[in-house]
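Open your viewer and have the selection tool ready.

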Amino acid sequence: MGTVPLGALAAGDYVLRELGSIIISYIRNEGLGARYGGDEIVILLPETPLNGAMIVAGRVMELVRRHRFAFDDQNLTVAARAIDIERR
């Protein structure tokens with residue numbers, strides 16, 4: 001396993017903080033957003049029906065696509081997609 005430059009780690013931390021801000025500002029009191037893995041984020045919407053969760057996922061992804069992620073005077077590209085929407 002190679003080493004990761006400190007700048008890359010700082011940029012990754014920046015992106016995670018920005019994503020957290022986007023998610024928190026959108027879901028507010030409706031759910032919970034959390035980091036699930038290295039670069040995975042989960043949004044729990046316990047009182048939201050499946051079709052509502054699909055709408056939330058789409059809107060959050062659109063907010064991420066429109067957000068300008070800039071770190072150390074460089075624009076960063078961030079990809080977002082809904083991998084699994086589950087009803088329990």
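Which side chain does Arg66 meet in a salt bridge? Select Arg66 and look for Glu62: their side chains form the salt bridge, at 2.9 Å from N to O. Keep in mind that this is a predicted model.

Arg66 and Glu62 both sit in helix α2. They are 4 residues apart, about one turn of the helix. Side chains of opposite charge can pair when their charged atoms come close.

Next, select Arg65. Its side chain also meets Glu62 in a salt bridge, this one at 3.4 Å from N to O. Show the whole of helix α2, residues 50-66. Arg65 and Glu62 are 3 residues apart there, so about one helical turn separates them.

Is Arg66 buried or exposed? Arg66 is exposed, at 66% relative accessibility. Arg65 is exposed too, with a relative accessible area of 51%. That value counts as exposed because the cut-off is over 50%. Glu62 is partly exposed, with a relative accessible area of 32%.

Last stop: select Glu62, Arg65 and Arg66 together. What links them? A network of salt bridges does. Glu62 pairs with Arg65 and with Arg66. How many salt bridges does the structure hold? It holds 2.

Conventions:
Residues are numbered from 1 along each chain as its sequence is written. This is a predicted model: local features need pLDDT of at least 70, side-chain atom pairs count only at pLDDT 80 or more; totals for chains, interfaces and linings use all residues. Side-chain values use heavy atoms; hydrogens and water are left out. A salt bridge is a side-chain nitrogen of Lys or Arg within 4 Å of a carboxyl oxygen of Asp or Glu. Helices (H or I, at least four residues) and strands (E, at least two) are DSSP runs, numbered from the N terminus. Buried means under 20% relative accessible area, exposed over 50%, partly exposed in between (1.4 Å probe, protein chains only).
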